[in-house]
Structures are given as structure tokens and as C-alpha cells.
Amino acid sequence: MVEHFSEGSRHGAEISLESVDFDYGEMAMHFDLVIEPSSIVTIIGPSGSGKSTLLNLIAGFEPAKSGRIFIEGKDVTHAAPAERPVSMVFQENNLFAHLDVAANVGLGRRPDLRLDDADRAAIMEAIRKVGLAGKEQRKPEALSGGERQRVAIARALVRKRPVLLLDEAFASLGPALRHAMLDLVETLQRETAMTVVMVTHHPDDALRMGSTLVFLDNGTIAAKGPAQELLSEQGPPLLRKYLGAKDSDL
Amino acid sequence: MTPTISLKPLAGALALAFLALLAGGALLGLLSEALRGNTEGFAAFDSYLWRVARFTLLQAVLSMLLSIAFAIPLARALHANPDFPGRPMILRLFALPLALPALVAVLGITSIYGRNGLLAALLAQSGSEIIPNIYGLTGILIAHVFFNLPLATRFILASLDSIPEDYWKLSAQLGMRALAQFRLIEWPVIRRNLAGIAGLIFMLCITSFTIVLTLGGGPRATTLEVAIYQALHFDFDIARAVSLTLLQLTLTVAVLLLLSIAGRPTEEGFSLRTTARRFDRPYARARSLDTILILVGVLFVGLPMAGTVVSGLSADLWRLLGETQVWRAILTSLGLGAGAGLLATLISLVLVTAREDTANRRRYGTPGIFERALDLGASLIMIVPPIVIGAGWFILSRHFVDPFRLAPVMVVSVNAAMAIPFAYRILRPAWDTAASRHNRLCAELGIRGWNRLRLIDWPVLRQPLWIAFAFAMALSLGDLGTIALFGNDAVQTLPYLLLQRMGSYRTQDAAGLALILGCLCLLLMILADRGANRLKIREVRSDG
């Protein structure tokens with residue numbers, strides 16, 4: 001079963017945004033960004049700086065005004081969300097409230113839920129991997145906040161898309177739970193080599209994952225680099241100010 | 001601090017007493033008559049009665065099924081196409097039947113589907129021999145669907161609007177087709193509210209009076225409400241009226257019990273909220289199917305209204321407005337409507353404040369009998385339908401006075417009672433929110449009595465009070481039920497006069513009067529709607 005699950009999914013995709021423009025009401029945004037395959041990228045920045053918009057552009061929930069978006073070298077600028085090789089986990093409402101855990105994960109295999117035995121096996125395996133074995137028949141209401149997000153991650157696993165987007169997926173969890181979820185994502189990333197892009201409010205999440213950090217400010221990418229470097233005292237002043245450092249002089 | 005004696009519970013008790021008297025007096029009248037008549041009253045439970053009861057149920061079930069069967073795909077189509085041209089206008093159009101008096105709608109429907117209507121003209125032009133006949137079950141069903149399809153559509157659309165945007169994102173990412181979307185996302189949400197919506201429509205159709213009176217075709221297509229009216233008005237068969245009324249009462253109570261199990265639909269159906277964004281790209285075929293559905297729906301609801309306007313304008317409006325009888329009817333309608341509106345608003349306000357005051361005193365205990373009675377009193381008219389109250393008082397009062405002399409009092413009280421459930425629901429949230437915000441502050445600052453009313457409560461309540469009044473008055477203006485029983489040459493309202501002109505085949509006059517009546521009701525509803533929107537904007541602001 002393990003073999004079945006990991007077949008063909010051991011790769012990550014490169015994501016690149018070339019001069020992508022987007023108008024969000026009054027605010028104009030501009031993104032130029034390359035995300036290396038199989039990397040873990042953490043996006044931070046003040047609220048309204050365009051973090052979620054960036055993810056929505058990659059997932060296809062927002063249309064780019066101009067510029068081009070590539071995933072795995074393929075131009076997906078005008079592709080519908082389902083045609084893009086990405087899975088996304090939101091902060092809430094990831095699960096359909098009237099479907100049990102197995103069905104919610106199953107939707108990742110077949111969006112009409114007509115599942116065969118191989119599908120069911122893959123679903124069970126994914127549920128086991130996120131640590132929810134035995135809770136397959138539970139409805140979302142009988143799960144804790146952390147468990148619900150685990151189900152969403154399990155669904156992303158059975159979809160086997162080479163990109164996983166996390167939009168403040170763990171923001172409503174307490175510190176210990178959040179760290180456990182980050183560890184889970186890291187483990188799964190090591191196993192599947194998928195590219196992980198996550199938006200968070202906690203800069204230390206970036207350090208924990210040993211990731212690349214992207215700092216957004218006012219709709220553009222203000223800094224990008226290894227999290228260790230950017231978050232050190234030698235980091236860019238704008239980022240220092242966002243972090244609340246006293247020596248930022250801004 | 002000296003404990004102040006609150007007048008609120010006392011006023012609440014008085015309002016309850018009035019409502020109890022209104023319903024109780026009617027029931028007393030019926031009961032005493034049933035007992036007085038010994039066996040005669042119950043002997044009237046004959047085959048005619050059962051046939052009427054059966055037809056009442058049949059037409060209500062069919063109306064409900066038809067309305068919902070069409071409302072589900074229509075609401076889906078409207079939801080899937082948030083940028084459909086003129087969509088906000090369509091939603092406004094779907095709100096109009098709610099404001100339209102049944103009698104006006106009946107004339108509009110006749111102008112389209114009637115013997116001399118648009119459909120007949122089209123058929124004749126295409127060389128067809130068929131002459132449409134809408135009298136009987138067909139007409140009743142068309143009229144009921146005309147009223148309830150838009151209602152159901154708005155309720156279902158509100159359910160669909162409550163689906164979180166993330167679900168649509170997910171379904172777009174997972175690549176769900178239309179069928180899977182319906183099965184997995186839309187249907188579960190619709191189903192949750194469906195029992196309540198169906199129950200509401202069933203209830204409205206079972207107590208429908210005007211439509212059946214005007215479109216029903218004699219004894220074969222008549223309902224309990226109309227049969228009660230005919231028994232009292234034409235045959236003066238008290239025994240039959242009593243047994244019909246008791247049957248109607250049993251029926252409504254039974255349906256209400258079922259409804260309370262099914263639960264109420266959420267009341268967001270009356271707002272004009274914009275739909276959440278959808279992220280998938282609909283297929284061309286689905287899109288054109290949606291377009292056809294929406295167009296058919298718009299035509300079905302819009303044509304009778306256009307018909308009302310067109311035939312109303314072709315009537316000799318200037319001559320009509322020159323008639324003293326017409327002016328007297330307009331003034332009588334406005335006077336009685338204003339009276340009913342005031343009474344409904346006042347009683348609702350008293351019930352709302354008394355309930356809040358009592359709930360506030362008990363703090364965390366369970367609601368007492370008085371508090372629950374206040375809530376129940378507001379929806380009394382749902383249990384004892386207007387026609388039952390009217391018939392009961394008609395039967396009771398004839399021992400003491402000429403029932404027709406009671407016309408103004410009865411119209412004002414019964415119409416007020418009809419509007420109270422709505423007015424109560426408009427006022428209660430406004431008052432309860434204001435009270436929870438202000439009670440402690442006012443107690444601390446010592447603002448009480450007149451000062452509190454003037455400085456604190458009135459500014460908050462002004463708008464909802466006005467909305468409740470306008471709504472209640474519009475409802476009363478269009479009502480035919482009570483005035484049909486008590487109306488006479490001395491007291492004629494606009495709907496009563498309209499019915500008379502229809503009865504004497506002065507169709508042109510009827511069309512003109514319908515236009516006048518429709519415009520009056522619409523004007524009040526627009527004013528109420530404006531107020532409601534301002535209220536919403538203010539709430540949003542004070543929340544932010």
C-alpha cells in the first residue's frame with residue numbers, strides 16, 4: 001500500500017511568476033518570483049501586503065491582470081484551478097461539514113466520490129499518515145481544529161499534486177498544535193518532495209522549517225532568501241521593522 | 001436604589017389580553033354555536049365538507065410541489081451566474097409578489113392566462129382552437145406558484161449564499177462537475193432548509209382566500225376558507241360555517257405542529273445580498289440552460305405584473321378617480337390600514353419590550369410562562385387564521401349587534417393581528433440588541449423612564465417602528481378576507497370595491513382599481529425597504 005501511495009508523486013514543481021500584475025481594488029500588486037522545485041517557502045508580511053493574493057494567483061482563484069505564471073515550466077496563467085498541479089489548504093472551511101473524514105479525503109481522488117478499491121486504499125493510507133487512523137467515519141464537527149486541518153492535508157496527499165499551498169492553515173491553532181502540524185508537513189514534504197508554499201503570521205515558523213523566506217510589503221516582494229539570514233540582525237530594515245526590532249530606525 | 005415598578009409587563013399583559021380576547025371571543029362564538037345547535041352543527045360534517053377539505057389539501061400540496069420543483073433549478077441558475085445581466089433587478093422583481101395584494105395579482109394573471117388574455121390572443125393568432133380556461137384548479141395553481149415560486153427561490157438562493165466561498169474554491173480545485181457540485185455542495189444546504197420552506201408555502205396555500213375565491217370554479221374547486229365565507233355570506237348557514245371553521249382550525253393546528261418539527265427557514269430570504277464568487281468556468285451548455293431557466297422565471301413572475309399595469313392604464317383612470325365611491329374606498333382603505341398598522345406596531349412593541357424586560361429580570365433561569373406567552377401571542381394569528389376570527393366574531397356578535405356595524409373595528413383588529421408576527425420579528429432584534437447594549441449603562445447613569453425613551457430608545461427604534469408600520473399597513477390595504485365578511489355599502493375598502501366591480505363584470509374598472517391598489521401597496525413596501533436598507537447600513541457601520 002505504501003508503494004501504491006507514493007508512486008510517481010516523488011517530485012516537486014518549480015513555480016515562477018513573471019511580472020504578474022494584479023489590482024485589488026485600490027491596491028496595485030506586482031510579483032516577480034521564482035520558487036525552486038521541492039523547496040519549502042514561507043511568506044510573511046503585514047496584513048494587506050498581498051500574501052493570500054499571491055497564493056490565490058498561483059492556485060488560479062484570482063486572475064492575473066498581466067504577466068505570466070508557470071508551474072513545472074507550463075504556462076498556467078489562464079488555466080482553471082482544477083487544471084493546475086496544486087493543492088491548497090485554507091484557514092477554515094476545508095471540509096464539507098456533512099461528509100465524513102474518508103469522504104472528504106476521497107474528494108481529492110474523485111470529485112464525484114465514485115471510488116474504487118485502489119482509491120479507498122490510498123485514502124486509508126493518507127488518513128493513517130496524518131495520524132487520524134480510526135477516525136475515518138467521523139464528521140468534521142466531531143474533530144478538533146487541528147484534526148480538521150490534518151484531514152485537509154490528507155486530501156492534498158491523495159491528490160498527489162507537486163505543489164502544496166497553505167494559506168494561514170494553522171493560524172487558529174495553539175502554539176504546540178501548530179508546531180506539530182508544521183512537523184507533519186515537513187515529514188510529508190521530505191517523503192513526497194512536493195513544493196510547499198505557506199503564508200503565516202509567525203516568522204519562527206520559517207526558522208522551524210529551515211525554509212526560504214519571502215517577505216511581502218505593499219503588494220511587492222521586498223525580500224527573499226534563506227530564513228536564517230533574513231531573520232537575523234543583519235536582515236533588511238523593512239523586515240526588521242515588521243518584526244518589531246528596536247534598532248530598525250524606520 | 002429604590003426598586004422601580006416597571007410598566008412594561010403590565011402593558012404586555014394588556015396586549016396579550018387583547019389578542020386573547022380577539023381569538024378567544026371568536027372560538028367562544030363558534031363553540032357556543034356548535035353546542036347550541038345540538039346535533040345540527042355536527043350533522044353538517046357531510047360529503048360536501050370532506051370534498052372541500054380534500055381539495056384544500058390537494059391544491060396546497062400541488063402548489064407547494066410545483067413552486068419548489070421550479071425554484072430549486074431557478075435559484076441554482078441565479079446563484080451560478082452572479083454577473084447575469086440585470087440580476088439585482090430580477091431579485092427585486094422576485095420580492096414584489098410579497099407586496100402585491102392577492103386580488104391585484106389575480107387580475108394580472110387573468111390578463112395573461114385568461115379567456116381574453118395574452119395567451120389566448122397568441123393561441124388565436126396561431127390558428128389554435130384552444131381557449132384557455134383558468135377557472136378551477138389550474139388558475140389556483142398558477143396564482144399560488146406566482147406568489148410562492150419567487151419566495152421559495154429567494155429562500156433557496158439565501159441558502160446557497162450561505163455556502164462558504166472556500167467550498168467553491170475547493171470544488172474548482174478538485175474539478176467537480178455540475179452534478180457532483182449539486183450532490184455534494186448545493187443539495188445538502190438546500191435540504192436543510194427545504195422542509196421549512198415547503199411547510200411555509202403549504203401553510204400559505206392552505207389559508208389562501210382571495211385567490212380561491214376569485215379563481216376557484218364553484219363548489220368543485222373551493223377551499224375551507226372560501227366555503228366558510230360562502231356559508232356566512234350567501235347561505236347564512238351557521239351550522240355549516242361552524243363545522244367548516246372547526247375543520248380549518250384543526251387543519252392549521254396540525255400543519256403548524258408538523259411545521260414546528262420541520263423548523264423554520266432562515267429569514268435571510270428577504271435580503272438582497274450579493275452571491276459569493278464562483279471560481280469554476282461553467283460549460284457553455286450549462287450556461288445557456290441557466291439563461292433559459294432565468295428568462296422563463298422572469299417572464300412567469302413579470303408578465304402578470306406587466307399585465308396589471310397595461311390593463312390598468314387602459315382603464316378610464318380619470319373617470320374612476322372622479323367617482324366619489326372610489327375616493328371614499330381609497331380613504332377608507334388608508335384610514336383602516338393606518339389604524340391596523342398603528343395597532344400592530346404598538347402591540348408588537350409592547351410585546352417585545354415586555355418580553356425583554358421579563359427575560360432581563362430572570363437573568364439565567366428558564367423562561368417563565370408569561371415570557372413564553374408573549375412570544376406565542378405574537379404568532380397567534382398563525383394558529384387561529386383571520387377568517388376563523390372573522391367568522392367567529394360574526395357569529396357571536398349577531399346576537400348583540402348588527403355584525404356589519406362592526407366592520408371598521410374588525411378590519412383594524414384582525415388586520416393588525418395578521419401583521420403582528422411580521423412587526424414583532426422586525427422590532428425584536430432591534431430592541432433586544434439596543435437593550436443589551438444600553439441597559440447597564442442607563443442603570444449606572446440613572447437614565448430612566450421618559451428620558452430613556454426620548455434619548456436612548458427612540459433614536460434606535462424610530463427606523464424599525466416605521467418599517468413595521470409601513471409593512472403592516474400595506475398588508476392591511478391589500479387584505480380582502482375580513483372586509484369580505486363584514487363589508488357593506490357603508491364601509492367599503494378598495495379591495496372590497498374591486499371585488500364588487502369584478503362581480504358585476506366591470507372588468508375595466510376592476511383593472512384600474514387594481515392598478516391604484518397595487519401602486520399604494522408598492523409605495524409603502526418601497527418605503528419600508530428603503531428604511532430596512534438604511535438600518536442594515538447603520539448596523540454594519542456600528543459593528544465596524
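Author: What follows is a conversation about the interfaces in this structure and the terms used for them. This is a predicted model, in which local features need pLDDT of at least 70 and side-chain atom pairs count only at pLDDT 80 or more, while totals for chains, interfaces and linings use all residues. Residues are numbered from 1 along each chain as its sequence is written, chains are lettered from A and ligands numbered from 1 in the order in which they are written, and side-chain values use heavy atoms, with hydrogens and water left out.

Reader: What makes residues of chain A and chain B count as being in contact?

Author: Contact means heavy atoms within 4.5 Å, and by that rule 29 residues of chain A are in contact with 18 residues of chain B. The side of chain A that touches chain B divides into 16 nonpolar, seven polar and six charged residues, where Ala, Val, Leu, Ile, Met, Phe, Trp, Tyr, Cys and Pro count as nonpolar, Asp, Glu, Lys and Arg as charged, and the others, Gly among them, as polar.

Reader: How do you know what area chain A and chain B bury between them?

Author: Buried area is the accessible area (1.4 Å probe) that two parts lose on being put together, summed over both, and for chain A and chain B this comes to about 2,100 Å², 58% of it on carbon and sulfur atoms. In chain A, the residues that lose the most area to chain B are Phe61(A), Phe96(A) and Pro111(A), which together make up 29% of what that side buries.

Reader: Why is the pair Glu191(A) and Lys129(A) called a salt bridge?

Author: A salt bridge is a side-chain nitrogen of Lys or Arg within 4 Å of a carboxyl oxygen of Asp or Glu. In Glu191(A) and Lys129(A) the closest N and O atoms are 2.0 Å apart, so the pair meets the rule. Between domain 1 and domain 2 of chain A the rule finds one salt bridge, whereas across the interface of chain A and chain B it finds zero.

Reader: What makes domain 1 and domain 2 of chain A separate domains?

Author: Domain bounds come from an automatic or database domain assignment, which for chain A gives domain 1 (35-85 + 161-249) and domain 2 (96-160). Their centres, taken over C-alpha atoms, are separated by 25 Å, and the contact takes 14 residues from domain 1 of chain A and eleven residues from domain 2 of chain A. The area buried between these two domains of chain A is about 1,100 Å², of which carbon and sulfur atoms give 66%.

Reader: Which domains does chain B have, and what do they bury between them?

Author: Chain B is divided into domain 1 (1-36 + 315-539) and domain 2 (39-310). The contact takes 35 residues from domain 1 of chain B and 36 residues from domain 2 of chain B, and the two bury about 3,100 Å² between them, 80% of it on carbon and sulfur atoms. Across this interface of domain 1 and domain 2 of chain B the rule finds zero salt bridges. By class, the side of domain 1 of chain B that touches domain 2 of chain B has 27 nonpolar, three polar and five charged residues.
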